[in-house]
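Keep the viewer open as you read.

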Amino acid sequence: MVTNTRQPLLSVVVPVYGVEAQLHQCLDSILDGLDDTDAADVEVVAVDDASPDRCGELLQAYATRRPALRTVTLTRNVGLGLARNAGLDAVTGEYVWFVDSDDWLPTGSVTAVLGRLRADRPDVLLLDHLRVHHDGREEMDASSPLLRGVNGCVRLTERPALLRVQHTAWNKVVRRAFLTDLGVRFYPGWYEDIPFSHPLLIAAERIAVLDRICYYYRQGRPGAITATPSDRHFDAFDQYDRLFDWLSNARPQETKLRADMFERMISHLIVVVGNNHRMPAKLRRSFFHRVSAQYRRYRPADGYPRPGGVGGLKHRLIASNSYLAYSALRLAHRFLDRRPPGHDPVLSTDPVAASSEQQPHTLAARR
């Protein structure tokens, strides 16, 4: 018997934890509908992160029917980031795509991704996505327009706005050798995508964009940490520390890049501190003061592109550590948001800052 030892073009890593109701939909969306050529170019590595439900059994049964799936079984729960690392260590493909197991892919997505990888051979391929709510409503991300009009491969210096695309792992397909050479891995804790996604775009020589909806990001599932008030949202500070350590070591001379990244960080943390679904009221003041300390620690000496309007005002309040003034502004914003239809809230937030912020996923929430 001849064994096919051909290296697949694409490896899909699927970390699995507590998603038995969604698991088949995710795996089927990756593997169904591929012709023989595309099927030979795809492998799926599912990482059973000591899931407490029937996910392990489901994966074993699925693998007997679909040889393209391999399973890595962890003996203890390690969390989303480290489970992704375990899958990364097991894959053999030229490119790797991290797909969360409570999400799924639109029909034809894998075929479209393979076609773009073959044509352009990028270091990083950026993908568009839709948020899908529990009632079936689909919502475009506010940062999606930044993906328009990118032909061939570019560098971040040519399209700096790409740094503002939602910084998740699952909207990027990455050349594995590039990832290995860069030495970037996932860290434990929530907000694990922060020190992973940004270095990819910063270091890539060839960034391509597939201007197509290739990912459905499930919203509103019970346990999602975007709706979980917890002190674990403080993990964001450690993740940003890791990112700025990387910037200092790998790109010490790129002051504009550091300034842009600083503005993104503060805008993101402002969104987190003001979100009732994430930040317990009793922790909001403490989180705000930590953001202010982060501001003082990393503020570029030559300044940074502070946003205008209310976003800029919030930056100034962070800079002065003025929690009482921030609380008053937040209260006024919430009051205006409850005004009758036809009244535009004056204190609107930057839509890109609000939507492209890191949104840690359900898988991490239950760990």
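The questions below go from the whole chain to single residues, and the model is a predicted one.

Q: How many helices and how many strands does the protein chain have?
A: Helices and strands are both present in this predicted model. The count for the protein chain is 14 helices and eight strands.

Q: What share of the residues of the protein chain counts as buried?
A: Buried means under 20% relative accessible area. The protein chain has 367 residues. The share of them that counts as buried is 55%.

Q: What share of the contacts with a separation of 6 or more comes from residues 24 or more positions apart?
A: A contact needs heavy atoms within 4.5 Å. Take the contacts in the protein chain with a separation of 6 or more. Residues 24 or more positions apart account for 81% of them.

Q: How much of the accessible surface belongs to carbon and sulfur atoms?
A: The accessible surface of the protein chain is about 15,600 Å². The part that belongs to carbon and sulfur atoms is 51%.

Q: Which elements do the buried residues of α1 pack against?
A: Helix α1 covers residues 23-31. Its buried residues are L23, C26, L27, S29, I30 and L31. These buried residues pack against β1 (10-16), β2 (42-48), α3 (55-65), β3 (69-73) and α5 (109-120).

Q: Which element gives the most to the lining of the second largest pocket?
A: The second largest pocket holds about 370 Å³ of space. Of its 18 lining residues, the closest to the centre are L156, T157, P160, L257 and D260. Both α7 (194-203) and α9 (255-273) supply at least two residues of the lining. With five residues, the element that gives the most is α9.

Q: How many charged residues are in the lining of the second largest pocket?
A: Sort the lining by class. Nine residues are nonpolar and one is polar. The number of charged residues is eight.

Q: How many disulfides does the count give?
A: A pair of cysteine sulfur atoms must lie within 2.5 Å to be counted. By this rule the number of disulfides is zero.

Q: Is C55 buried or exposed?
A: The cut-off for buried is under 20% relative accessible area. C55 has 0% relative accessibility, so C55 counts as buried.

Q: Which residues is N171 in contact with, leaving aside its neighbours within four places in sequence?
A: N171 lies in the loop between β6 (138-140) and β7 (172-175). At 1% relative accessibility, N171 is buried. Its contacts beyond those neighbours are L125, L126, L127, V165 and Q166.

Q: Is Y191 buried or exposed?
A: Y191 is in the loop between α6 (176-182) and α7. Its phi is positive, near 60°, in a residue other than glycine. The relative accessible area of Y191 is 0%, so Y191 is buried.

Q: What is the relative accessibility of N321?
A: N321 sits in the loop between α11 (309-319) and α12 (323-337). This residue other than glycine has a positive phi, near 60°. N321 counts as partly exposed because its relative accessibility is 28%.

Note on methods. Residues numbered from 1 in each chain as written. Predicted model: local features only at pLDDT ≥ 70, side-chain atom pairs only at ≥ 80, totals over all residues. Heavy atoms only, no water. 1 Å grid on protein atoms, 1.4 Å probe; cavity = no way out; pocket = protein on both sides within 12 Å on 5 of 7 lines; lining within 4 Å. Points joined across faces, edges and corners; volume = space filled by probe spheres on them. Helix = DSSP H or I, 4+ residues; strand = E, 2+ residues; numbered from the N terminus. Nonpolar A, V, L, I, M, F, W, Y, C, P; charged D, E, K, R; others polar. Buried < 20%, exposed > 50% of the residue type's maximum accessible area, 1.4 Å probe, protein only. Areas by Shrake-Rupley, 256 points an atom, 1.4 Å probe, with all protein chains shown as cover.
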